[in-house]
Amino acid sequence: MALRIRTGDLVQVVAGADRGKQGRVTAVDPQRGRVRVEKVRLQKHHLKPGRKGARAGGVVESEGFIDASNVMLVDPTSGEPSRIRTRNEGDSKVRVFAKSGELVPEPTSS
């Protein structure tokens, strides 16, 4: 399954418990069709002292993966979520917003 969402894209959650939240995509898993969005689906991990990454132990919060069908890219001109289409321009494919017809900006690397 080919995902049209890339790392660094600004997306909005359209379904689920975190509906309405916006954030940047931090990771994409194309095999499972899932994405990780910052500040969305926060999970708590309780770590004992001495475990990797947390020598003191305690509770660590991190984002979990959500299904890619539950997010939509945000059109920067309107600020609204929009579907995406692909269009051939020359010998390359480009992503285009379905509502406005404008090109999707290149994702910003974090």
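Analyst: Buried means under 20% relative accessible area, exposed means over 50%, and partly exposed lies in between (1.4 Å probe, protein chains only). The structure is a predicted model, in which local features need pLDDT of at least 70 and side-chain atom pairs pLDDT 80 or more, whereas totals for chains, interfaces and linings use all residues. Residues are numbered from 1 along each chain as its sequence is written, and side-chain values use heavy atoms, with hydrogens and water left out.

User: Why is Asp-29 called buried?

Analyst: Its relative accessibility is 19%, which falls under the 20% limit, so the term buried applies. Asp-29 belongs to strand β2, a strand being a DSSP run of E with at least two residues, numbered from the N terminus. Beyond its neighbours within four places in sequence, Asp-29 is in contact (heavy atoms within 4.5 Å) with Leu-3, Arg-34 and Phe-65.

User: How do you know that β2 and β3 pair?

Analyst: Pairing requires that DSSP find at least two bridges between the strands. Strand β2 (residues 22-29) and strand β3 (residues 34-37) have four, in the antiparallel sense, so they qualify. Val-25 stands opposite Val-37 in β3.

User: What makes β1 a partner of both β2 and β7?

Analyst: Strand β1 (residues 10-13) is joined to β2 by three antiparallel bridges, and Gln-12 stands opposite Gln-22. Three bridges also link β1 to strand β7 (residues 71-74), again antiparallel, with Leu-73 as the bridge partner of Val-11. Each pair therefore meets the requirement of at least two bridges. The open sheet has six strands in the order β6-β3-β2-β1-β7-β8. Its edge strands are β6 (65-67) and β8 (81-82), each pairing on one side only.

User: Why is the contact between Asp-9 and Arg-95 called a salt bridge?

Analyst: The closest N and O atoms are 2.8 Å apart; the term needs a side-chain nitrogen of Lys or Arg within 4 Å of a carboxyl oxygen of Asp or Glu, so the pair meets it. Asp-9 lies in the segment before β1 and Arg-95 in strand β10 (residues 92-97), so the bridge ties together parts 86 residues apart in sequence. Asp-9, at 3% relative accessibility, is buried, and so is Arg-95, at 8%. The whole structure holds six salt bridges.

User: What makes Lys-21 and Asp-18 a salt bridge, and is each buried or exposed, or in between?

Analyst: Their closest N and O atoms are 3.2 Å apart, within the 4 Å limit. Asp-18 is buried at 18%, whereas Lys-21, at 38%, is partly exposed.
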